[in-house]
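Let us walk through this model one part at a time. Keep the structure open while you read.

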Amino acid sequence: MLRPYGKRMPAIAITFTLNGSPVTVDVDPAARLLDTLRYQLTLTGTKEGCGEGECGACTVYLDGLPVNSCLVPTYQVRGHRVETVESLDPGALEPFERCGATQCGACTPGVVMTAWWIREHPELLETHDTRELMAGNLCRCTGYDGIIDSVKEALEARGKGKREG
Amino acid sequence: MKRREALAKLTGRERYVDDLPLEGFLWGMTVRSPAPRGRVTAIRFGKDVDWSQFVVVDHRDIPGPNVVALIEEDQPVLAAGYVRHVHEPVLLLAHPSREAVRRAVRSVEVVVGPEPAALDFRVPPAPEQIQYGSDNVIKHLKIEKGDVERALAGAPVVVAGTYETGAQEHVYLETQGMIAQLEGDVLVVKGSMQCPYYVLKALQHALTRDATRVRVIQTPTGGGFGGKEEFPSHIALHAALLALKSGRPVKLIYDRGEDMAATTKRHPALVRHRTGLTRDGRLVAQDIEVVIDGGAYVTLSPVVLSRAIIHAAGPYACEHVRITGRAMFTNAVPFGAFRGFGAPQSQFAGERHMDVIAATIGIDPVELRRINLLRDGQTTATGQVIRDGADRLAVMERALELSSYRDKQREHAAFNATHPTLRRGSGLATFYHGAGFTGGGEVALQSRLRVAGRPDGGVEVLSANIEMGQGTLTVFTELAATRLGLAPEDVTIAEADTGRVPNSGPTVASRTTMIVGGLIERAADDLRRHVGLDDSARGAAVKQSIQRWHREHPGEPLFGEAAYEKPPGIVWDDQTYRGDAYGAFAWAAYVAEVEVDLRTYTTRVIDFVAVQEVGKVLNPTLAKGQVQGGVVQGIGWALMEECKWRDGAMANNQLTNYLIPTSHDVPPVRVAFLENPYPHGAGGAKGLGELPIDGPAPAILNAVARATGAEPRAIPLTPENLMELLDGQAKVGAQHAAPLR
Amino acid sequence: MNVLLPASLPEALNQLASDATAVPMAGGTDLLVHWPVRLEAHERTYVDLSRLDSLKPLRWTEDELTLGGLTTYWDVILDARARAELPLLVDAARQVGAIQIQARGTWAGNIVNASPAADGVPVLMAYDAVVVLESRSGREEVPLDRFYAGYKQMKRRTDQLVVGIRIPRRRYTYQVFEKIGARRAQAIAKVGLAVTCSGAGWRVVAASVAPTIRRCPAVERLLEAGIPIASPEALLPAIAQDVAPIDDIRSSADYRTRVMARVLYHDLRDFWGKRA
């Protein structure tokens with residue numbers, strides 16, 4: 001007997017807010033948010049790097065906080081708010097383009113999600129430094145300087161935008 | 001120019017192999033050997049699985065020779081009754097459900113009748129462990145210059161040392177993966193790879209398909225570092241066999257655990273030095289032995305060994321040099337290409353040894369290097385005359401100046417004298433890296449490339465060289481645009497599809513910009529001539545001529561072509577290992593500043609300065625990023641990246657237990673370039689990609705030696721290893737700068 | 001695999017009571033590691049706690065801080081009073097993974113995962129935390145330093161849920177948390193130490209050096225009695241009584257022992273030989 005189709009709970013229907021819009025989806029109880037996003041909702045921007053919560057390539061926001069979507073059972077996001085890299089405004093990513101925040105790009109969506117969260121919460125830098133806040137996103141290409149520089153520039157651009165706006 | 005594909009990557013729009021839409025496909029997986037060596041006596045299929053639902057492939061399903069074609073034809077696609085390493089592929093399974101195939105893989109038992117395995121490359125094999133030739137030596141190589149024995153006998157001082165480096169896992173963030181499917185009669189394989197034509201060759205060979213019935217397409221590649229040089233041929237073959245047997249598209253994506261356990265790593269190495277010097281520190285003889293662990297098949301070990309020995313003597317002038325190299329067969333998962341390709345191992349030993357020499361004869365390590373660094377007109381170990389106009393002393397001086405090396409030494413002395421538990425020190429490494437294939441390799445590759453003129457007047461670069469993060473798309477765009485006076489938007493880079501692009505060679509060996517970039521320039525010139533222009537025509541004139549040509553030749557293809565030509569005056573003898581090993585060397589001096597916590601034996605790099613001369617820097621942001629990334633990879637290799645072995649396989653194959661540096665572990669890496677355009681490189685550039693991995697490990701360990709008084713000779717220098725070194729010394733009562741106060 | 005989705009604490013406690021094999025699922029940061037290949041874990045029943053909002057907040061009273069059963073590391077990191085008054089909680093929380101784990105991981109989950117290398121447990125134990133367990137049959141409180149019985153064994157019945165962690169508010173004259181990992185962020189502790197001194201006396205808690213996280217009574221006695229200690233080596237006999245480190249994939253017993261001695265010796269160098 002083939003077990004995957006054997007004793008198995010039926011799918012759970014869940015509704016949550018994804019990138020600003022409500023979405024209802026039937027999920028396997030064993031599904032991770034990462035798999036639901038990538039293979040069911042075809043939002044492939046979110047990457048799997050390790051499946052063990054180490055690399056951060058699968059970082060998404062759950063109720064506004066960065067989390068590893070490989071460690072979130074999908075049923076837990078019912079009624080909650082999820083944002084993926086697809087929700088970001090490409091126009092505002094210019095500093096990341098300019099400062100060398102991406103090379104191979106496999107860690108990049110996760111890096112950008114954490115970096116953007118810092119950009120949106122500059123008060124974090126009163127208690128943390130950027131290198132500590134970015135430590136949950138492994139990058140094997142940049143040596144991190146390009147990422148750290150980009151965060152700094154993005155914060156400055158944001159500050160400038162605020163003053164001018 | 002900004003990285004071309006940066007925005008696609010930043011927004012998650014870039015589609016890697018596992019992101020591509022695919023209908024009606026099967027997930028493939030691999031059943032592997034549980035033992036390091038032995039005969040497969042049985043394969044048992046568990047009763048808990050309905051096997052009729054699965055596609056099962058074994059070695060009997062291979063249409064052609066059961067061989068992954070590379071240097072030697074010794075490595076099977078799938079083990080045929082005999083295994084030589086743990087995790088060797090034995091069977092392939094596929095099923096529409098990924099979970100089902102995961103369960104099924106666990107239900108297969110491969111029974112191996114064990115035979116004695118060779119698992120330590122450093123010790124001579126016992127007779128029953130011999131499996132390659134008469135001594136398990138895969139490859140012997142030797143470089144000889146002058147008369148080493150006589151010079152050593154006459155040398156006033158001889159300093160000996162033995163150094164070891166460990167394996168290193170690539171940890172590209174995108175794991176290996178392939179899709180194979182039949183499009184009509186054509187087998188199409190796409191995936192993450194550095195060398196589409198290597199994959200093509202392997203597919204053609206084992207599947208006995210000619211080039212018209214197989215096509216390889218590179219998908220955006222999430223990091224390679226050499227790990228996607230030779231290994232993707234295996235997964236491509238596996239996916240292809242499953243697709244051919246099932247008639248369905250097959251996707252084979254390794255998860256991190258399988259990727260770390262079953263794919264190649266950097267070769268572990270053991271290097272012995274015996275160095276003769278004058279009392280004031282001039283090198284008179286270098287006798288060097290390099291031994292590397294090749295693992296269970298030949299793969300690329302002979303050429304890794306070649307690069308290792310050629311770089312082993314360092315960027316120094318010495319009249320009497322002997323370097324012997326051996327690549328050993330062991331029953332370990334085969335080792336393979338990794339950024340630097342042997343040079344990091346041998347230069348770690350060489351640069352650490354320089355500081356050991358300096359300490360032994362009582363000379364400043366900077367002075368020792370100043371005396372011996374190659375001057376123009378002097379020769380390397382292979383007898384290559386260096387006459388490139390590069391100022392290697394200036395490179396070192398710049399690194400010393402940027403790192404405030406002299407001031408830091410004083411500060412460290414004061415700090416170390418008073419701090420109860422912390423010790424600081426700075427260390428230097430001066431080194432070099434030859435760009436492009438070794439010796440006659442580039443000639444043998446016969447690289448070809450096309451630049452096509454598009455009907456709209458723009459151009460398309462057709463090359464097999466790929467983007468894996470290092471910036472190929474951007475630099476190729478810049479080179480073509482600059483050559484023809486076009487805007488970057490007028491240049492496109494073709495997808496690396498063997499059905500469309502000529503074989504411009506593999507994306508390895510720091511050759512892409514310098515050598516393949518040169519082909520772009522020449523193919524652009526050729527294109528210009530095709531449309532009736534001379535080499536001075538630029539911009540609008542080029543565009544309009546291309547447009548006109550297309551109007552006059554509707555429907556016809558227009559392209560310029562270039563094939564590799566050896567720069568004048570390069571001579572290499574592969575039999576004697578004499579001559580010009582590389583067209584050009586890049587030169588560098590790195591300074592690491594470390595802080596060692598004597599409570600925990602932990603070493604932290606607190607400052608890093610990387611100065612290099614790589615010819616003309618084509619794109620400062622990309623070049624800086626290459627250096628910073630290479631340095632951080634080197635910091636990891638030096639201090640924390642440790643493969644723990646069980647039966648020749650990695651036991652810590654998780655990112656929780658094999659640690660690479662995070663942003664919090666490394667300081668900003670301060671990068672500077674001295675520019676000295678190389679006349680035969682594209683835009684004056686020399687190869688850059690690998691150089692930065694050669695220097696960090698010796699610079700860091702030299703700094704630890706300065707900080708603590710210990711003489712570490714092996715990496716990774718984990719806290720556990722440093723503890724043994726420091727406490728071992730304390731026990732024997734040697735003078736040792738780091739007792740706890 | 002089966003998932004139960006209770007909407008209230010009583011419902012969850014009923015579910016736990018009726019299935020002794022059911023596993024409570026909070027932030028998932030331990031349970032979902034390597035999930036796709038841990039096929040045996042897919043055979044179990046899980047009780048999802050994510051809707052039990054009453055367990056989320058942390059609460060300050062005059063005498064104590066109570067962490068809820070679902071309070072996360074990040075909740076504590078953001079709490080200015082915790083930073084000022086119980087700073088080791090914040091120190092430890094900041095060294096659990098990185099933000100992605102801190103945002104999801106819970107203190108209660110850290111306790112019941114019962115890893116000998118846990119980061120949250122040592123500081124809780126050094127602050128004399130008490131585990132509040134609840135089941136259909138009522139509440140029970142167990143001091144954390146008596147919670148573990150052996151490797152991955154603890155005094156939680158399968159029908160019980162950790163609904164709170166009570167931490168007394170005291171004035172500390174000394175407190176430190178040391179996590180020695182193979183890198184500065186996102187590492188599993190090779191040695192962990194939490195040391196506090198208050199009116200209640202010295203607490204020395206060690207991680208990754210025994211089958212469970214545990215207090216080190218022999219070392220505590222040296223401090224209480226003001227025994228002079230002149231070198232790290234002088235601590236080794238007490239350490240040998242308190243802990244039993246092993247060689248494993250992350251480190252060696254020798255390293256763990258020596259580093260524990262050296263860190264304790266140096267961090268506490270102002271206190272050895274001085275009666276509390």
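Axes here are lines fitted to C-alpha atoms, for helices over the stretch in contact, and angles run from 0 to 180 degrees between N-to-C directions. Note also that the model is a predicted one.

Start with a helix pair in chain B. Two packed helices are described by the angle between their axes and the distance between the axes. Helix α8 of chain B covers residues 343–361, and helix α9 of chain B covers residues 365–372. They pack at an angle of about 110 degrees, and their axes lie 9 Å apart. Angles of 65 to 115 degrees count as roughly perpendicular, so α8(B) is roughly perpendicular to α9(B). The crossing of α8(B) past α9(B) is right-handed.

Which residues make this contact? From α8(B) come B:Met354, B:Asp355, B:Ile357 and B:Ala358. From α9(B) come B:Pro365, B:Leu368 and B:Arg369. By class, the contact of α8(B) with α9(B) has five nonpolar and two charged residues, with no polar ones.

Now turn to chain A. Strands of a sheet pair through backbone hydrogen bonds, either parallel or antiparallel. Chain A has an open sheet of five strands with mixed pairing, in the order β2-β1-β5-β3-β4. Which strands stand at the edges? They are β2 (21–27) and β4 (65–68) of chain A. Each has a single partner strand, so one side of each is left without a neighbour in the sheet. On average, neighbouring strands of this sheet are turned by 40 degrees against each other, direction ignored.

Look at one strand pair. Strand β1 of chain A, residues 12–18, pairs with β2(A) in the antiparallel sense over seven bridges. A:Leu18 has A:Ser21 in β2(A) as its bridge partner. A helix also packs on the sheet: α3 of chain A, residues 108–120. Helix α3 touches β3 (59–62) and β4 of chain A, and its direction makes about 40 degrees with that of β3(A).

Next come the chain contacts. In chain A, 46 residues are in contact with 52 residues of chain B. On the chain A side, α2 (94–98), α3, α4 (130–133) and α5 (145–164) each give two or more residues. The most come from α5(A), with four residues. This side of chain A has 23 nonpolar, 13 polar and 10 charged residues.

Chain A also meets chain C. Here 26 residues of chain A are in contact with 25 residues of chain C. The elements of chain A that give two or more residues are β4 and α4. Strand β4(A) gives the most, with four residues. The side of chain A that touches chain C has 14 nonpolar, eight polar and four charged residues.

Notes: Residues numbered from 1 in each chain as written. Chains lettered and ligands numbered in written order. Predicted model: local features only at pLDDT ≥ 70, side-chain atom pairs only at ≥ 80, totals over all residues. Parallel < 35°, antiparallel > 145°, perpendicular 65-115°, else oblique. Left-handed = near helix turned anticlockwise from the far one by under 90°. Contact = placed C-beta atoms within 7 Å. Nonpolar A, V, L, I, M, F, W, Y, C, P; charged D, E, K, R; others polar. Pairing = 2+ DSSP bridges.
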